[in-house]
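The sequence and the structure come first, and the notes follow by topic.

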Amino acid sequence: MKKKIVIIGPAYPYRGGNALFLTHTYESLKNHFDIKIYNYKLLYPSILFPGTTQFDESKEQVFKIPNERIVNSINPFNWLKVAKRLKKENADLIVFDWWHPFFGLCHGAISFLIRKKYRDKILFITENVVSHEANPIDKFLTKLGLRFASKFLALSGIVEKEVQQFSKGKKVYRSELPVYDCYNPVPRENIQKLREDLGYDMDSVVLLFFGYVRKYKGLDILIESFPKILSQIPNAKLLIVGEFYDDPKEYLNLIKKLKIENHVKVVNQFVPNEEVAKYYQVSDLVILPYRSATQSGILNVAYGFYKPVIVTDVGGLAEFVDEGNTGFVVNPNSPDEIVKGVQRFLAIRDTVDFASHIEVRNRKNSFNNLPEVFEEIIDDSK
């Protein structure tokens, strides 16, 4: 009989990186364990969500896995019901997917209520520990949310280190985000037309910023670097794709001020699954100019399309880049550093087979060993 695991986390119909991670986790574990997903019936109250919608409206579904929408993140009476349900599951492991202090009360209460039933069987997967824009309240909620975990699974070295302040000597296991190769690629022969549709030719050097826009993502730093990039690479193009959670005027005004409008394309929307591939495949290089980070699903999507990256040396990003082979690591908060990274890419792009190096790295991704990690976690719980 398969061992039973119940995971509390966001799944379809929710969108975004957390739902994508949980989808891959389910697919990785389903042949080895009896997996049940407790999804949210309310994730964020709409007033707190900065985007257009929390739900995946794509025509192509890459998030769809079996789940039951049970958890209400803000209703204490619901937490009592969820805890009662969990106790009846008689699972071998209860797993909370943790990424934001907002869920501190919800996760803390449910894990408190089941702690006697599931002594040493409560695992928190920590995608982040404290949010990128943390304040004292966030730190308090994180401490509260993680208090009754019996063990942790960290997805990067920096998270493994950060979680120690909350783990109180409890064991911390390691894995990483999977390579997100779930998007249907565009046939190679169609890429030229896709470039033409975006106003590019095959000689254009296309630099991609992908994902939702917030201050910590450093898009303004990338934009500020672009005039110098253009002075050295006249055929460079900057492609910005993602929904703005910040006021877009700040960025659009900066583009206008720097007089680079003719070389920058902005697609201000959450990209449906069926359109993700085209933006990566028309690009030569993916840039993550972040001010802070733990790890990034954007990097792993880039690797899914075998695209090299430039990342700033913040959080755990540098852990996942093989310098000069899968990408480049630069110092943060500096437009000049972004320029240097692009220069390094162009200097070796004709002699280094980035795709082959990325393929090797993808094969070594520790997420591939997730079933073995969960077997170890469950065995240690006995």
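**Cavity, pockets and helix contacts**

The largest cavity has a volume of about 40 Å³. The model is a predicted one.

- Glu176, Leu177, Gln295, Ser296, Asn300 and Phe320 line the largest cavity.
- Sorted by class, that lining holds 2 nonpolar, 3 polar and 1 charged residues.

**Largest pocket**

- The largest pocket holds about 1400 Å³ of space.
- Its lining is made up of 47 residues, and Gly16, Gly17, Asn18, Tyr212 and Tyr216 are those nearest the centre of the pocket.
- Helix H1 (17-29), helix H9 (273-281) and helix H10 (297-304) are the elements that give two or more residues to this lining.
- The lining of the largest pocket splits into 24 nonpolar, 16 polar and 7 charged residues.

**Second largest pocket**

- For the second largest pocket the volume is about 620 Å³.
- This pocket is lined by 22 residues, with Arg188, Gln281, Ser283, Tyr306 and Lys307 nearest its centre.
- At least two lining residues come from each of helix H6 (191-197) and helix H12 (354-363).
- By class, the lining of the second largest pocket contains 12 nonpolar, 3 polar and 7 charged residues.

**H7 with H11**

- Helix H7 (residues 219-232) packs with helix H11 (residues 335-348) at an angle of about 50°, and the two axes are 8 Å apart.
- This angle makes H7 oblique to H11.
- The crossing in which H7 passes H11 is right-handed.
- On the H7 side, the contact involves Ile221, Leu222, Glu224, Ser225, Lys228, Ile229 and Gln232. On the H11 side, the residues they meet are Pro335, Asp336, Ile338, Val339, Val342 and Gln343.
- The residues of this contact comprise 7 nonpolar, 3 polar and 3 charged.

**H7 with H8**

- H7 also packs with helix H8 (residues 248-257), here at an angle of about 10° and with axes 10 Å apart.
- H7 and H8 are therefore roughly parallel to each other.
- Leu219, Asp220, Ile223 and Glu224 of H7 make the contact with Tyr251, Leu254 and Ile255 of H8.
- The contact of H7 with H8 has 5 nonpolar and 2 charged residues, and no polar ones.
- Glu224 of H7 takes part in the contact with H11 and in the contact with H8.

**H1 with H13**

- H1, which contributes to the lining of the largest pocket, packs with helix H13 (residues 370-380) at an angle of about 80°. The axes of H1 and H13 lie 9 Å apart.
- That angle makes H1 roughly perpendicular to H13.
- Thr25, Ser28 and Leu29 of H1 form the contact with Leu370, Pro371 and Phe374 of H13.
- Of the residues in the contact of H1 with H13, 4 are nonpolar, 2 are polar and none is charged.

Key
Residues are numbered from 1 along each chain as its sequence is written. This is a predicted model: local features need pLDDT of at least 70, side-chain atom pairs count only at pLDDT 80 or more; totals for chains, interfaces and linings use all residues. Side-chain values use heavy atoms; hydrogens and water are left out. Axes are lines fitted to C-alpha atoms, for helices over the stretch in contact, and angles run from 0 to 180 degrees between N-to-C directions. Helices (H or I, at least four residues) and strands (E, at least two) are DSSP runs, numbered from the N terminus. Angles under 35 degrees count as roughly parallel, over 145 as roughly antiparallel, 65 to 115 as roughly perpendicular and the rest as oblique. A crossing is left-handed if the near helix is turned anticlockwise from the far one by less than a right angle, and right-handed if clockwise. Contact means heavy atoms within 4.5 Å. Ala, Val, Leu, Ile, Met, Phe, Trp, Tyr, Cys and Pro count as nonpolar, Asp, Glu, Lys and Arg as charged, and the others, Gly among them, as polar. On a 1 Å grid over the protein atoms alone, a cavity is a set of points where a 1.4 Å probe fits but cannot get out, and a pocket is an open set with protein on both sides within 12 Å along at least five of seven lines; lining residues have an atom within 4 Å of a point. Grid points are joined across faces, edges and corners, and a volume is the space filled by probe spheres set on the points.
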